[in-house]
Amino acid sequence: MAIIITDECINCGACEPECPNTAIYEGGIEWTWAGGTALEEVDFGDGTVIDAKDDQEPVSDEFYYIVSDKCTECMGFHEEPQCAAVCPVDCCVPDPDKVEEEETLLAKKAWLHAEEA
């Protein structure tokens, strides 16, 4: 399951440097697949392939946000999601709409960082 940042976020930024996948961005800031990963291009499996360095639209304009497709809940890096561990207002919480098994999260980590799965 990916982690989300709720609207209780106070925009302190404590979570951003903790993410091993660089999946957390300040509100209004564009993001890239390449940032914090080994990706050079992203193949969506439907014939769409993009350069991983291409800017993507912000998920939120108001609060820090997590790109769910880059979030591995810190699996393979830490015992627990580091964003949640450092958040002073407990607004980094599991996203019930993005439930993923440990195996899926580890495969995502391997894909993001060009590791053997």
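**Notebook: a predicted chain, looked up piece by piece**

I began at helix 2, residues 102-112, and found Leu 105, Lys 108, Lys 109, Ala 110 and Leu 112 buried there. I keep in mind that this is a predicted model. I get a relative accessible area of 48% for Glu 102, so I put it down as partly exposed. Then I looked across to Met 75: its C-alpha is 7.5 Å from that of Glu 102, although 27 residues separate the two in sequence.

**Entry: the whole chain**

I stepped back to see what the chain is built from. I count 2 helices and 6 strands. Read from the N terminus, the order is β-β-β-β-β-α-β-α. The radius of gyration is 14 Å, close to the 13 Å from the globule rule for 117 residues, so I can call the chain as compact as a globular protein of that length. I also took the spans of the C-alpha trace along its principal axes, and they come to about 40 × 30 × 25 Å.

Next I checked burial and surface. Of the 117 residues, 42% count as buried. The chain exposes about 6,700 Å², with carbon and sulfur atoms supplying 45% of that area. For contacts between residues at least 6 apart in sequence, I find that 72% join residues at least 24 apart.

Then the charges. I wrote down 29 negative side chains and 5 positive ones. The centres of the two sets are 5 Å apart.

**Entry: the cores**

Which residues touch the most other members of the largest nonpolar core? I found Ile 5, Cys 15, Ile 24, Ile 66, Cys 83 and Cys 92, in a core of 15 residues. Setting aside neighbours within four places in sequence, Cys 15 is in contact with Ile 5, Ile 24, Tyr 64, Cys 83, Val 86 and Cys 92. There is also a second, separate core of 11 residues, and I spotted Tyr 25, Ala 34, Leu 39 and Ala 52 among them. A general reminder to myself: in soluble globular proteins, nonpolar side chains tend to be buried together.

**Entry: two positive phi values in loops**

I looked at Asn 11 first. Asn 11 sits in the loop between strand 1 (3-5) and strand 2 (24-25). Its phi is near 55 degrees, a positive value in a residue other than glycine. Is Asn 11 buried or partly exposed? At 34% relative accessibility, I count Asn 11 as partly exposed.

Cys 74 was next, in the loop between strand 5 (65-66) and helix 1 (82-86). Here phi is near 65 degrees, again positive in a residue other than glycine. The relative accessibility of Cys 74 is 7%, under the 20% cut-off, so I list Cys 74 as buried.

**Entry: Glu 80**

I stayed in the loop between strand 5 and helix 1, where Glu 80 lies. Glu 80 has 45% relative accessibility and counts as partly exposed. What does Glu 80 touch, not counting residues up to four places away in sequence? I find Glu 73, Cys 74 and Ala 85. That brought me back to Cys 74, the buried residue with 7% relative accessibility.

Asp 61 is in the loop between strand 4 (49-51) and strand 5. With 65% relative accessibility, Asp 61 counts as exposed, because exposed means over 50%. I checked the C-alpha distance from Asp 61 to Pro 20 and got 23 Å, for a pair 41 residues apart along the chain. Leaving out residues up to four places away in sequence, Asp 61 touches Gly 27 and Gly 28.

Where is Gly 28 placed? It is in the loop between strand 2 and strand 3 (41-43). Its relative accessibility is 37%, and I noted Gly 28 as partly exposed. Apart from neighbours within four places in sequence, Gly 28 is in contact with Pro 58, Ser 60, Asp 61 and Tyr 65. I also looked up Phe 63, which is 35 residues from Gly 28 in sequence and 7.9 Å from it in space, C-alpha to C-alpha.

Terms used
Residues are numbered from 1 along each chain as its sequence is written. This is a predicted model: local features need pLDDT of at least 70, side-chain atom pairs count only at pLDDT 80 or more; totals for chains, interfaces and linings use all residues. Side-chain values use heavy atoms; hydrogens and water are left out. Helices (H or I, at least four residues) and strands (E, at least two) are DSSP runs, numbered from the N terminus. The radius of gyration is taken over C-alpha atoms; the globule rule is 2.2 Å times the number of residues to the power 0.38. Buried means under 20% relative accessible area, exposed over 50%, partly exposed in between (1.4 Å probe, protein chains only). Contact means heavy atoms within 4.5 Å. Accessible areas come from the Shrake-Rupley method with a 1.4 Å probe; for residues, only the protein chains shown count as cover. Lys and Arg count as positive and Asp and Glu as negative; His and the chain ends are not counted. The place of a charge is taken as NZ of Lys, CZ of Arg, CG of Asp or CD of Glu. A nonpolar core is a set of buried Ala, Val, Leu, Ile, Met, Phe, Trp, Tyr and Cys residues joined through side-chain atoms within 4.5 Å.
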